[in-house]
Amino acid sequence: MMYDLMLELPIFQGLSHTQLTSILEKVPFHFKKYKPNDYLIRVGEVSDKVVFLLSGRVRVITPTYRDAILIAEDFEAPHTMAFYNMFGKETTTRSSVYAQGSVGVMELGKEHFLQMIADNHLMLVNVLNILSSHAQKPH
């Protein structure tokens, strides 16, 4: 069941159960639970991990125009988030993410994330597609 849920995440789409098993054997994922209204990520934190939303729903609040406008987006599991600012000149988060109800996540540190995508070309393509889509958002 966990395998099927992970294979729905955009980064893992297209992988077989065997490929996913191989990744899980090598990479240390961390699992966390959050209560309603708990913050998963706050604006300005160093972006040094990938967060995979496995259960529940989160709200992402992104301030724009010198905090004059707040953009709110809701995401339901399964969803991949919190790696858009891991690379480049500015590596702090631009958004806050909080739980809307009970939430379960899986986290992976930057170093292990890089190892994971370097070892699998399909995952690298998936990551590039996600980053490209995110870069084209109007805000």
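This is a predicted model: local features need pLDDT of at least 70, side-chain atom pairs count only at pLDDT 80 or more; totals for chains, interfaces and linings use all residues.
Local features are taken only where pLDDT is at least 70 and side-chain atom pairs only at pLDDT 80 or more, while totals for chains, interfaces and linings use all residues. Residue numbers start from 1 along each chain as its sequence is written, and side-chain values rest on heavy atoms, with hydrogens and water left out.

Five salt bridges turn up in the structure, a salt bridge being a side-chain nitrogen of Lys or Arg within 4 Å of a carboxyl oxygen of Asp or Glu. One of them pairs K49 with E107, with 4.0 Å between the closest N and O atoms. This pair links distant parts of the chain, since K49 sits in strand 3 (residues 49-55) and E107 in strand 8 (residues 103-109), 58 residues apart; strands here are DSSP runs of E, at least two residues long, numbered from the N terminus. E107 is buried at 7% relative accessible area, whereas K49 is partly exposed at 23% (buried is under 20%, exposed over 50%, partly exposed in between, with a 1.4 Å probe and protein chains only).

Then there is the group around R57. Salt bridges link R57, R59, D74 and E76 into a network. R57 meets D74 at 3.2 Å, N to O; R57 lies in strand 4 (residues 57-64) and D74 in strand 5 (residues 69-76), so the pair ties together parts 17 residues apart in sequence. Both partners are partly exposed, R57 with a relative accessible area of 29% and D74 with 30%. R57 also bridges to E76, where the closest N and O atoms are 2.4 Å apart. E76 belongs to strand 5 as well, so this contact ties strand 5 to strand 4 across 19 residues of sequence.

Terms used:
Helices (H or I, at least four residues) and strands (E, at least two) are DSSP runs, numbered from the N terminus.
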